[in-house]
Amino acid sequence: TTHFPGQQPQEETDRRFMAAAIRLSLRHLGLTAENPSVGALVVRTGEGGPVIVGRGVTAPGGRPHAELQALAQAGEAARGATAYATLEPCSHIGRAPPCADALVSAGVARVVIATLDPDPRVTGRGVAILRKAGIEVVTGCMETEARRAMAGFLSLKARGRPFLTLKLAVSADGMLGRKGKGQVAITGPLARNAVQTMRLAHEAVMVGVGTAIEDDPLLTVRLPGLEHRSPRRVVVDPLARLPASARMFSDRPESTLVMTTEKAPRRSLDLLRRKGAGVHVVASDYRGRMEPREILRMLGVLGIKSVFLEGGAETARRFLEGGLVDRLVLFAGAATVGEGGIASPVDEATVPAEFRRSAESRFGEDRLVEYERSS
Ligand code: AOF
Ligand code: ZN
């Protein structure tokens, strides 16, 4: 059982419960449609210290909201309690009454919020409803961590495009693979499992058509019990070269989105549509290359909040050069590729200056280094 020291300062206690609410919110990352995955807790302080009496996380599909579920679980115990929410409780009438009103009716005494809701229907209004009802409101608790956890939602609201993570597995000699067909394993099974877990936290996995043709990847999550949580697949395919025989059409073909241009032959587009793919035409430059920024904008229009870009080299390079990569995930594999290798656009030694190293871990023989854009 957890031990709650009685005399912990309030701020410390708040940070501890907010951290728990953030962890809770991560459970439904990628499952809540245009909604952020929010975590909420209702905590009562009794003789033995604070105790969680209600937990909620935004439901798959986006509703019900986290606070409503935490309050329902707490029932009468919510009266006089403290509520923790990773996002400002909403004030707008959606498919259910606003969470701020529900907190007032439940008789909560304090509400601790990590970050304000950028949704213009809410910003500050949720806090105002609570304060007007005499509830003590604290904002900004663990704000950086909470914002990192809902980076996709914040990106879509503020920039109209998804948060972009670039993942590359780079060999000891700086290569992503070998030219032509035939894969080379850059990393071992532990790192490959880690990649599948990362896919889960995104709404779309994206590759360039070259990789889609050469590797013919499934791009699904194959972790036991989590297969149904595979995100959508996005193929950057200016000329619609993706063959209808691609393995990714063998399962959930409708979850494949092909981003293409008006230069693609109509016949190929029709064939992809008949396969069940979503086909989206995006502006191209004079050389017929797609504008990476336009691809992201289109994905934003489709309500996709986070994208996991898995290569290949050219696609990765173009998103990097466009300054569109928000987070960089580099697996440094122990293997070497040698002759005929495809050079990675970036490795540990050449990570652009705007990226700051944020984490490092190890998967068997392979290392994982993560970077965040600092601007
Ligand atoms: C909350 N708690 O758990 C979430 C919130 O379409 P609706 O009515 O669900 O509203 C979507 C907006 O609600 C979304 O843009 C964001 O501002 C907020 N999400 N709010 O109080 C939650 N997921
Ligand atoms: Zn709400």
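I started with Ala 33, which sits in the loop between helix H1 (10-26) and strand S1 (39-46). Helices here are DSSP runs of H or I with at least four residues, strands are E runs of at least two, and both are numbered from the N terminus. The phi of Ala 33 is near 55°, a positive value in a residue other than glycine.

Before going on, I noted that this is a predicted model, where local features need pLDDT of at least 70, side-chain atom pairs count only at pLDDT 80 or more, and totals for chains, interfaces and linings use all residues. Residues are numbered from 1 along each chain as its sequence is written, while chains are lettered from A and ligands numbered from 1 in the order in which they are written.

Next I looked up cis peptide bonds. The bond from Arg 63 to Pro 64 is cis, with omega near -5°; Pro 64 belongs to the loop between strand S2 (49-57) and H2. I also found a cis bond from Gly 311 to Gly 312, with omega near 0°. Gly 312 lies in the loop between strand S12 (306-309) and helix H11 (313-321).

Then came helix packing. Two packed helices are described by the angle between their axes and the distance between the axes. Axes are lines fitted to C-alpha atoms, for helices over the stretch in contact, and angles run from 0 to 180 degrees between N-to-C directions.

I took H2 (residues 66-74) and H3: their axes come within 9 Å and cross at roughly 20°. That makes H2 roughly parallel to H3 (angles under 35 degrees count as such). The contact is made by Glu 67, Leu 68 and Leu 71 of H2 with Cys 99, Ala 102, Leu 103 and Ala 106 of H3; contact means C-beta atoms, placed from the backbone, within 7 Å. By class, I noted 6 nonpolar, no polar and 1 charged residues there.

H3 (residues 99-106) also packs with H4 (residues 125-132), at an angle of about 15° and with axes 9 Å apart. H3 is therefore roughly parallel to H4. Ala 100, Asp 101, Leu 103 and Val 104 of H3 meet Gly 126, Ile 129 and Leu 130 of H4.

What surrounds ligand 1? I found 18 residues, the closest being Val 38, His 65, Cys 90, Gly 94 and Asp 119; a residue counts if its C-beta atom, placed from the backbone, lies within 6 Å. This shell divides into 8 nonpolar, 5 polar and 5 charged residues. Ala, Val, Leu, Ile, Met, Phe, Trp, Tyr, Cys and Pro count as nonpolar, Asp, Glu, Lys and Arg as charged, and the others, Gly among them, as polar.

Last, I checked UniProt, where an unreviewed entry lists residues 12-138 as "domain: CMP/dCMP-type deaminase"; such annotations may be inferred rather than shown by experiment. The end C-alpha atoms of residues 12-138 lie 13 Å apart, and the span is 31% helix and 25% strand.

Key:
Parallel < 35°, antiparallel > 145°, perpendicular 65-115°, else oblique. Contact = placed C-beta atoms within 7 Å.
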